[in-house]
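Hello,

I am passing a structure on to you, with some notes on what turned up in it. Please have a look at it before you read on.

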Amino acid sequence: MDRFSDEITKEQLIADFKVVIADAEALLKATANQGGEKLTELRAKAEESLRVAKAGIAEAQAALLVKAKAAAQATDAYVHEYPWQAIGAVAGVSLVIGILIGRR
């Protein structure tokens, strides 16, 4: 359960970081016409930082995709190998969810 919440947190972090990157790119484009050597240097540095951040995000997404595919394949293999145990587990989880919903 902890690994599942970690993956959700990572996905949320990636989504939030993409929004920040998009906002930073928009800010850079909006200030493109502003003059000054110092501003030009800062803009170049920010663009490089954004490029590195985008590469990191792409790597993190790829890693999450690989983990998700591996988990799906492991689950598929388990269900094919132990179908009745899988059905029992799903029934048990469904029962618990039903009880929790019924308590409201």
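Is Tyr82 buried, partly exposed or exposed? Tyr82 counts as partly exposed, because its relative accessibility is 34%. Please keep in mind that this is a predicted model, so the values here are computed from it.

The aromatic rings come next. The count comes to one aromatic pair. Its members are Tyr78 and Tyr82, whose ring centres lie 5.1 Å apart, with 45 degrees between the planes. That makes the pair tilted, because stacked needs an angle under 30 degrees and edge-to-face one over 60. Tyr78 is also partly exposed, with a relative accessibility of 42%.

Now to the charged side chains. The structure has one salt bridge, and Arg51 and Glu48 are the residues that form it, at 2.4 Å from N to O. Both of these residues belong to helix 2, which covers residues 37-81. Arg51 and Glu48 are three residues apart there, about one turn of the helix. As for solvent, Glu48 has a relative accessibility of 39% and therefore counts as partly exposed.

Finally, the nonpolar side chains. The largest nonpolar core has seven residues: Ile14, Ile21, Leu28, Leu50, Ala53, Ile57 and Leu64. Helix 1 (2-30) and helix 2 are the elements that give two or more residues to this core. Helix 2 contributes the most, with four residues.

I hope this is a handy start for your own look at the model.

Best wishes

Methods. Residues are numbered from 1 along each chain as its sequence is written. This is a predicted model: local features need pLDDT of at least 70, side-chain atom pairs count only at pLDDT 80 or more; totals for chains, interfaces and linings use all residues. Side-chain values use heavy atoms; hydrogens and water are left out. Rings of Phe, Tyr and Trp (its six-membered ring) pair if their centres lie within 6.5 Å; planes under 30 degrees apart count as stacked, over 60 as edge-to-face and the rest as tilted. Buried means under 20% relative accessible area, exposed over 50%, partly exposed in between (1.4 Å probe, protein chains only). A salt bridge is a side-chain nitrogen of Lys or Arg within 4 Å of a carboxyl oxygen of Asp or Glu. A nonpolar core is a set of buried Ala, Val, Leu, Ile, Met, Phe, Trp, Tyr and Cys residues joined through side-chain atoms within 4.5 Å.
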